[in-house]
Amino acid sequence: MQVKDVAKSFFENGKEFKVLDLVRFDLSERDFVCVVGPSGSGKSTLLRIIVGLEKPTAGEVLFEGEPIRADNPQVAMVFQSFALFPWLSVEQNVELGLEAKGTPLEERRKIARKFIDAVGLTGFEDAFPRELSGGMKQRVGIARALAIEPLLLCMDEPFSSLDPLTAQNLRDEILQLWTNPDLPPKAVLMVTHAIEEAVYMADRVIVLSSRPGRMIAELEIDLPRPRNRKEPEFYGWVDEIYSLIV
Ligand code: ADP
Ligand code: MG
C-alpha cells in the first residue's frame, strides 16, 4: 500500500481546517507499522482515508497499485469502540463481513468459528455483546476483521478503551496471532496516541505532529521480541519519540 502525499482539510463556513498534510509512507508484506500522534493529529482521519471511507483533499492511497476503495475485501478495520451490533450474537457479528462478501452460510459458520477460536472466545459463539467484557468485545472486533482474511489489518486505537491489564493481554495475543503464518493478514497498520504501545508492537513507527498531522519521523524499531519495557533500549525509543512530539 502506498500513501502518497495525503492531505486533508475540513471546511466549515468557508473556513479551511487542515487536519493532515503531506503524509507519505509505504506498507509492504510483513510490515507491522504504528502511526503515533497526539489526540487530534488526524490519526483516525488518516485511517479512514487509507481504508477508502474518506477522500483525501490532496494526494492518494494506492492498494496493490490501484486507488483504494471502501468495499475492498482485502482491508479490514478494528475500531476503538468495538462497533459491534448489539442485537447480533458473537458468531453473527463475526460473520458480517463474510455475508457482505457473499460467502455461503455453511462456509461462513466454519470460518467464523475458526477465528472465534483464534481469539480465545470458543464457547461464546451465541453470546450477545452486552454479556461480554470490554476485552471480549474487542476480541470479537478482531475476529470479525480477521474473518474476511484481509491482506491488510487496520486498527484505530484498539486497546485504548480497555483497562491496562486487559489491554496488555490483548496486545500480546495480537502479536502472537501475527507470528502465525497460517493466519491473515500480511500487514498491520495501527494508529495510537500511546507511544509505549507503538514501541512495544511495531517494527516501524511513523510519528505525526499535532494538528495538522505532518510526518515528523519514520523510525525502525529494531528491538528483539518479545520486548521488555524495563530495558533501557526500550524506553530510549519511547523517550526519543516523546521528544519529537513535545
Ligand atoms: P485523532 O484520531 O488523531 O485524535 P481525528 O482524525 O479524529 O484525530 O481528528 C483530527 C481533527 O479533525 C480533529 O480536530 C477533529 O475535530 C477534526 N475532524 C475529524 N473529522 C471531522 C469531520 N468529519 N468534520 C470536521 N472536522 C473533523
Ligand atoms: Mg482517533
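Colleague: How many bridges join β3 to strand β8 (residues 187–192)?

Modeller: In this predicted model, β3 and β8 run parallel, and F32 stands opposite V188 in β8. Strands are DSSP runs of E with at least two residues, and helices are runs of H or I with at least four, numbered from the N terminus; two strands pair if DSSP finds at least two bridges between them. The bridges that join β3 to β8 number five.

Colleague: What pLDDT do local features need?

Modeller: Residues are numbered from 1 along each chain as its sequence is written, while chains are lettered from A and ligands numbered from 1 in the order in which they are written. Side-chain values use heavy atoms, leaving out hydrogens and water, and side-chain atom pairs count only at pLDDT 80 or more, totals for chains, interfaces and linings use all residues, and local features need a pLDDT of at least 70.

Colleague: Which residue of β9 is the bridge partner of C34?

Modeller: Strand β9 (residues 204–208) pairs with β3 in the parallel sense, over four bridges. Within β9, the partner of C34 is V205.

Colleague: How many residues of β3 (residues 32–36) are buried?

Modeller: In a regular strand the side chains alternate between the two faces of the sheet. In β3, F32, C34 and V36 lie on one side and V33 and V35 on the other, and both faces are covered. Buried here means under 20% relative accessible area, with exposed over 50% and partly exposed in between (1.4 Å probe, protein chains only), and the buried residues of β3 are five of five.

Colleague: Which element gives the most residues to the shell around ligand 1?

Modeller: The shell holds 13 residues, the closest being V19, G40, K43, S44 and T45, where a residue counts if one of its heavy atoms lies within 4 Å. Two or more residues come from each of β2 (15–26) and α1 (43–50), and the element that gives the most, with four residues, is α1.

Colleague: Is G59 buried, partly exposed or exposed?

Modeller: G59 lies in strand β4 (residues 58–63) and, leaving aside residues up to four places away in sequence, touches K4, D5 and V6, contact meaning heavy atoms within 4.5 Å. Although G59 and K4 are 55 residues apart in sequence, their C-alpha atoms are 5.5 Å apart in space. Because its relative accessibility is 40%, G59 counts as partly exposed.
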